[in-house]
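Keep the 3D view open as you read.

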Amino acid sequence: MADTGNRLRNLLESPNFEPQSYVKQLSQQSDGDRDLQEHRQKIQTLADETAQNLKKNVYKNYRQFIETAKEISYLESEMYQLSHILTEQKSIMESITQSLLSSDKDETAKEMLAAFPKESEEVKQRSLTTLLEKVEGCKNIMETPGRYLVYNGDLLEYDADNMSQIQKVHAFLMNDCLLIATWLANRRGAVKYKYNALYDLESFAVVNVKDNPPTKDMFKILMFPESRIFKAENSKIKKEWLEILEETKKNKVAKDKNKKEEELPTSPVRQEVSTNPFEKDEPLDSEELVDLSPEWIQELPEDLDVCIAQRDFEGAVDLLDKLNEYLKEQPVSPRVKELRVKVDERVRQLTEVLVFELSPDRSLRGGPKATRRAVSQLIRLGQSTKACDLFLKNRAAAVQTAIRQLRIEGATLLYIQKLCNIFFTSMLETAREFEMDFAGNTGCYSAFVVWSRSVMKVFVDAFSKQVFDSKESLSTAAECVKFASEHCKQLSEIGLDLTFILQTLLVRDIREALHSQKDIIIEATKHRNSEEMWRRMNLMTPEALTKLKDEMRSCGISSFDQYTGEDCWVNLSYTVVAFTKQMMAFLEEGLKLYFPELHMVFLESLREIILVAVQHVDYSLRCEQEAEKKAFILQNTSFLHETVLPVVERRFEEGVGKPAKQLQDLRKSSRNVRVNPDSTTSLV
């Protein structure tokens, strides 16, 4: 069997194999269908073996590929380490060489300056003036004494996001700043460029951009919080720009450091004591009293830049606190003012970064705790009001986003439950975080109360749109309002009671819902009254009678059994029973929606509904001539006045906390009608 499989494999793998001739020969040699089936099975087995071998080879090559990739990664990390070591070695060698040759260079420079004291500087300034005459809008550049041109050239500016060309510019590198001017394409005459930007050498960093065709020969200038990318004409010019920019920045730092060292007093000067009694004592020079020579003060602006770039906000604020503590009781000298100007610029940059961290454009995930870091540092910088405002705006945007992303379910009550859980949980977390962050800033609490009202309005808008605008039933609206009120009361755990705000914002919608339901009940009652035949109800089955008793008992009418007769009869009119059920349901739903602002609205709605039923039985009693029907009407009237209305009054007083005087007056006035049924005077 194995020999047969090997022969078949060799035959199929041979380069001269022809499928058509092979099939023709196989058909001629086979005795029937059975031989063809067996041969087909052999070919299928061979195909399965081939597929399995291919799969094994793929897995084997894949494992080798993974191992090779790991080795490449290891080699790459080792190359990075080696490159870093070589860079350190190079910097060490350069520093040693620089230190050895510095004395010789200083002597040579002094000799050159002594030989040509003003010529070189005048030539540089003259060349700068000549070039700047071609730039529109930079006349004040030469007002700074000692400023001269170091290097200049044409560059192409590219977009940092999509690496597309923006414009052609001309860069002027001076000994203390970098001027960027845009090229005027259609301008004739001497002026060829227009002023675009001027950057102090200390305010930006130069970064080499790795060549990645088609983008090459580029370098980046980082000015927090933005950056600009420029392309040189070729790699040689790019290298010159990088080297000259770095060298010029170093020279400026060294020059500033030497200037500060020269300004420090080298030896104490004895103050001469005046013998003139009329001469006023002159105060000591404040610069002699403020020592700004410590290394950490000299490097403070650069350290602040590093902290801001690395997003070490705590470290930056710690440095500022340390400086403020050091200068707290020191006199204000010109050098202190100069230092303050530099530091204030870093404070402004740090504040902008922290403000951006709290802006609603940032990711809103993480809840209120995600803002704690930026808020705490702004408070330490003395920006508690701004921190409070940004924190509340951030949380308002988060609440609005959460409500907007909530899916509208088919069931209104289910949607309202999710809405309340999301909103009030967010409110609770925000309140706790606010109390923690602004514990020492009691003046911010009023802003939180104002913010709470604004976000509550957002919640009520979403709530009303789903509950009231969609014309839900009053029972559904009552359940939703009750659910929202219960959640709102949970905020009282942290001393925040927003129930009155919720009620104030909902009062208009609830009033309209009560009026609408009142009109529906009155219309339905009038319709039933128009078809009233004053006959007893026959519920047909004991189950239906039991169900009606349970409904009446749940409404508070415990004496309903006395109005039931034998079998399944009820000694009341269908109209009166239906009115009672609707009336009691409206009462219970209204009590769920009740708050003091709706007292008169709710009470007047109850009075109007009851008045329709009372007028109907009064009219029927006066118009009916048959004694039997008249007695039946009197029985229904007794049920309304002696059973239903007292239950309504009692339940209203239990739910509201005070008696319903209008309902009591209505029942007393209607009792006179019942006492004198033969009167033709209408109740109205």
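**From a surface patch to salt bridges**

Start in helix α3, which covers residues 33-115: Phe-65 has its place there. The model is predicted. Phe-65 has a relative accessible area of 56%, so it counts as exposed, the cut-off being over 50%. Phe-65 also belongs to a nonpolar patch on the surface, together with Tyr-62 and Ile-66. The accessible area of these three residues together is about 330 Å².

Now turn to charged side chains. The whole structure holds 25 salt bridges. One of them pairs Lys-592 with Glu-479. Their closest N and O atoms are 2.6 Å apart. This pair links distant parts of the chain, 113 residues apart. Lys-592 sits in helix α18 (residues 574-593), and Glu-479 in helix α15 (residues 474-489). Lys-592 is partly exposed, at 35% relative accessible area. Glu-479 is partly exposed too, at 32%.

Stay with helix α18 and find Glu-588. Glu-588 forms a salt bridge with Arg-651, with 2.9 Å between the closest N and O atoms. Again, distant parts of the chain are linked: Arg-651 lies in helix α20 (residues 627-656), 63 residues from Glu-588. Arg-651 is partly exposed, with a relative accessible area of 27%. Glu-588 is also partly exposed, at 27%.

Glu-654 is exposed, at 55% relative accessibility.

Last, look at Glu-202, Lys-252 and Asp-256. Salt bridges with shared partners join these three into one network.

Terms used: Residues are numbered from 1 along each chain as its sequence is written. This is a predicted model: local features need pLDDT of at least 70, side-chain atom pairs count only at pLDDT 80 or more; totals for chains, interfaces and linings use all residues. Side-chain values use heavy atoms; hydrogens and water are left out. Patches are made of residues with over 30% relative accessible area and no salt bridge: like charges are joined within 9 Å, nonpolar side chains (Val, Leu, Ile, Met, Phe, Trp, Tyr) within 5 Å. Accessible areas come from the Shrake-Rupley method with a 1.4 Å probe; for residues, only the protein chains shown count as cover. A salt bridge is a side-chain nitrogen of Lys or Arg within 4 Å of a carboxyl oxygen of Asp or Glu. Helices (H or I, at least four residues) and strands (E, at least two) are DSSP runs, numbered from the N terminus. Buried means under 20% relative accessible area, exposed over 50%, partly exposed in between (1.4 Å probe, protein chains only).
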